[in-house]
Amino acid sequence: MLDKGDKAPELTVKTGTGEMIELAQPKGKLVVFFYPKDNTPGCTKEAIGFSEALEEFAKAGTKVIGVSRDPMASHDRFTQKHGLTVPLVADEDGAVSDAFGTWGEKKNYGRTYMGMIRSTFLIGEDGTIIEAWKNVRVAGHVDKVLAAAQEA
């Protein structure tokens, strides 16, 4: 998994709003949060939290995008159902999550499987990762990321 000080991958992603974002040259700071699945409790809480804080992130010169392997149709339903304003990226082929190292082995109730490891990255204007949060716990996470964006 990528870490603080690493360069963001040379990838361009398309959000559900049609915006194209170059991860290695984000034109300002960029938060990329990876989450396992649309419409699950933790993922919903996290996406709502980032949506509610978008204005504060913008004041800190920071864009925010969420990434999961769900298709765009699922993202659209997720966005509409919960009134989300944070742009979402459908990483159906896994290129983005593989490049960041957020797709990996997980364990739950004794079962081992491959899945998205909830992680967040704050990328600077030069494409360097300013901060990385791995195996994120949702409670209080958005506030920590916002504080880091404001300080950077």
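This is a conversation about reading a few features of a predicted model.

Visitor: What should I know about the model before I start?

Guide: It's a predicted model, so local features need pLDDT of at least 70, side-chain atom pairs count only at pLDDT 80 or more, and totals for chains, interfaces and linings use all residues. Residues are numbered from 1 along each chain as its sequence is written, and side-chain values use heavy atoms, with hydrogens and water left out.

Visitor: How many residues does helix H1 have, and what span is expected?

Guide: Helices (H or I, at least four residues) and strands (E, at least two) are DSSP runs, numbered from the N terminus. The expected span of a helix is 1.5 Å times one less than its number of residues. H1 covers residues 41–52, has 12 residues and reaches 16 Å from its first C-alpha to its last, close to the 16 Å expected at 1.5 Å a residue.

Visitor: Which residues of H1 are buried, and what do they pack against?

Guide: Buried means under 20% relative accessible area, exposed over 50%, and partly exposed in between, with a 1.4 Å probe and protein chains only. In H1 the buried ones are Cys43, Thr44, Glu46, Ala47, Gly49, Phe50 and Ser51. For packing you look at contacts, meaning heavy atoms within 4.5 Å. The buried residues of H1 pack against strands E3 (29–34), E4 and E8 (119–123), and against helices H2 (54–59), H3 (72–82) and H5 (141–151).

Visitor: Let's stay with E4. Is Thr62 buried or exposed?

Guide: Thr62 sits in strand E4, residues 62–68, and counts as buried because its relative accessibility is 6%. Setting aside residues up to four places away in sequence, Thr62 touches Lys29, Leu30, Val31, Phe57, Leu122 and Ala149.

Visitor: What lies 3.2 Å from a polar atom of the Thr62 side chain?

Guide: The idea here is the polar contact: a pair of N or O atoms within 3.5 Å, where, within protein, one must be able to donate a hydrogen and the other to accept it, and residues adjacent in sequence count only if both atoms are side-chain atoms. For Thr62, the backbone oxygen of Ala60 is found at that 3.2 Å.

Visitor: And Ser68, what does its side chain join?

Guide: Ser68 is also in strand E4, and it's buried because its relative accessibility is 0%. A polar contact of 3.0 Å links the side chains of Ser68 and Asp70. Not counting residues up to four places away in sequence, Ser68 touches several residues, among them Tyr35, Asp38, His75 and Met116.

Visitor: Which residues have a positive phi although they are not glycine?

Guide: Most residues other than glycine have a negative phi, and most peptide bonds are trans. Here you can look at Asn39, with a positive phi of about 60 degrees, and Tyr109, with a positive phi of about 55 degrees. Asn39 is in the loop between E3 and H1 and is partly exposed, at 33% relative accessible area. Tyr109 lies in the loop between strands E6 (103–108) and E7 (111–116), and at 82% relative accessibility it counts as exposed.

Visitor: What lines the largest pocket?

Guide: Rolling a probe the size of a water molecule over the atoms shows where empty space is left. On a 1 Å grid over the protein atoms alone, a pocket is an open set of points where a 1.4 Å probe fits, with protein on both sides within 12 Å along at least five of seven lines; lining residues have an atom within 4 Å of a point. The lining of the largest pocket includes Pro36, Gly42, Lys106, Tyr113 and Arg137. The space in that pocket is about 280 Å³.

Visitor: How does the lining divide into nonpolar, polar and charged?

Guide: Five nonpolar, two polar and three charged.

Definitions and conventions
Points joined across faces, edges and corners; volume = space filled by probe spheres on them. Nonpolar A, V, L, I, M, F, W, Y, C, P; charged D, E, K, R; others polar.
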